[in-house]
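Dear colleague,

I am passing on to you the structure shown below.

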Amino acid sequence: EYPESEWPKMEATLKAFGFIPPKMDLKKALTGLLEDQVAGLYDPRGKVLYVNASPLEGAELLEGLGMEGFSLQDVFLVHELAHAVTDQHFRLLGLPIEDKANEDRASAARCVVEGDATWVMLQYMFKALQVPPSQQGQMDDLMATLGLGRELMGQTAPAYIQENLLVGYLGGLALVKAAYARGGFPAVNALYARPPASMEQVLHPEKYFVGKDEPVRVEAVAPKAWGAAGFKEIGRGVWGEMNIRILLEEWGCGEADATRASEGWGGDGYVAFRGPGEVLAYAWTTQWDSERDAA
């Protein structure tokens with residue numbers, strides 16, 4: 001998805017804002033994390049799916065729960081098959097899942113794709129394990145048990161990386177469940193026809209369903225003096241509500257304050273620069289739902 005030339009720019013942009021440590025090698029860290037954690041993959045370009053055949057950490061846990069013989073590989077195979085089937089019907093690459101100009105919009109679209117496949121995977125598990133409907137709601141955090149939890153990523157992975165990798169499954173699952181509760185499979189299908197326009201609409205599904213609080217397009221403009229001083233643009237995009245919450249926490253706000261502040265997001269745009277002496281800088285413009293939210 002990312003040419004070699006983009007990695008240094010992405011890394012520098014995240015460091016400029018403080019999302020990742022100053023000395024982190026982003027590509028090395030992310031590649032290592034994915035190689036350790038990914039259990040399956042569907043490639044919408046090649047129309048091929050892959051599932052890890054190596055033993056998974058969750059297998060021993062399932063045995064401890066009295067589920068001997070239950071195959072985690074089958075569970076993840078179902079997840080990837082769900083991607084393949086939805087790709088046949090909705091063409092996944094037709095969704096903005098790789099919108100590099102607006103990562104917030106891309107993340108929201110990926111939540112539809114991953115949340116749907118996670119929901120299907122859980123239905124398979126509920127049926128295979130004969131989980132009664134009354135208990136299924138208590139098992140929605142099962143992904144953490146199966147190796148998708150933050151604790152298995154290690155404490156060294158920054159919150160930005162952890163949460164952006166997990167939200168597609170966990171936040172996406174909540175969105176798909178909300179859609180299904182409102183209108184069954186037609187409502188889930190509608191998510192593909194009109195994916196959420198922002199992570200705000202994923203985190204607060206009611207905003208998506210009632211069509212309120214559409215994101216405001218915001219353009220960040222750097223001072224002209226920066227160009228004259230030798231600063232070169234290295235990246236631009238949109239952070240969105242979720243990443244602003246993470247950012248506020250990284251800057252020292254408590255979780256409750258960061259959450260409350262970020263929920264007033266209306267739109268944002270940033271542009272990051274590298275200057276002489278490898279100095280990093282950014283211009284960031286934000287739009288809020290009200291003056292109170294801005295304050």
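In this predicted model, Trp7, Met10, Glu11 and Leu14 of helix H1 meet Leu26, Lys27 and Leu30 of helix H2. Two packed helices are described by the angle between their axes and the distance between them. For H1 (residues 6-17) and H2 (residues 26-37), the axes come within 9 Å and cross at roughly 95°. Angles of 65 to 115 degrees count as roughly perpendicular, and H1 and H2 are therefore roughly perpendicular to each other.

Tyr50 belongs to strand S2, which spans residues 48-51. With a relative accessible area of 46%, Tyr50 is partly exposed, because that term covers values between 20% and 50%.

Glu200, by contrast, lies in helix H9 (residues 199-203) and counts as buried, at 0% relative accessibility. Apart from neighbours within four places in sequence, Glu200 is in contact with Lys207, Asp213, Glu241, Glu263, Trp265 and Asp289.

One of these partners, Glu241, is also among the buried residues of helix H12. That helix, residues 240-250, is mostly covered, with nine of its 11 residues buried. Besides Glu241, the buried residues of H12 include Gly240, Met242, Asn243 and Arg245. Just after H12, Gly252 adopts a positive phi of about 115°.

With kind regards

Technical notes. Residues numbered from 1 in each chain as written. Predicted model: local features only at pLDDT ≥ 70, side-chain atom pairs only at ≥ 80, totals over all residues. Heavy atoms only, no water. Helix = DSSP H or I, 4+ residues; strand = E, 2+ residues; numbered from the N terminus. Buried < 20%, exposed > 50% of the residue type's maximum accessible area, 1.4 Å probe, protein only. Axes fitted to C-alpha atoms, helices over the stretch in contact; angles between N-to-C directions. Parallel < 35°, antiparallel > 145°, perpendicular 65-115°, else oblique. Contact = heavy atoms within 4.5 Å.
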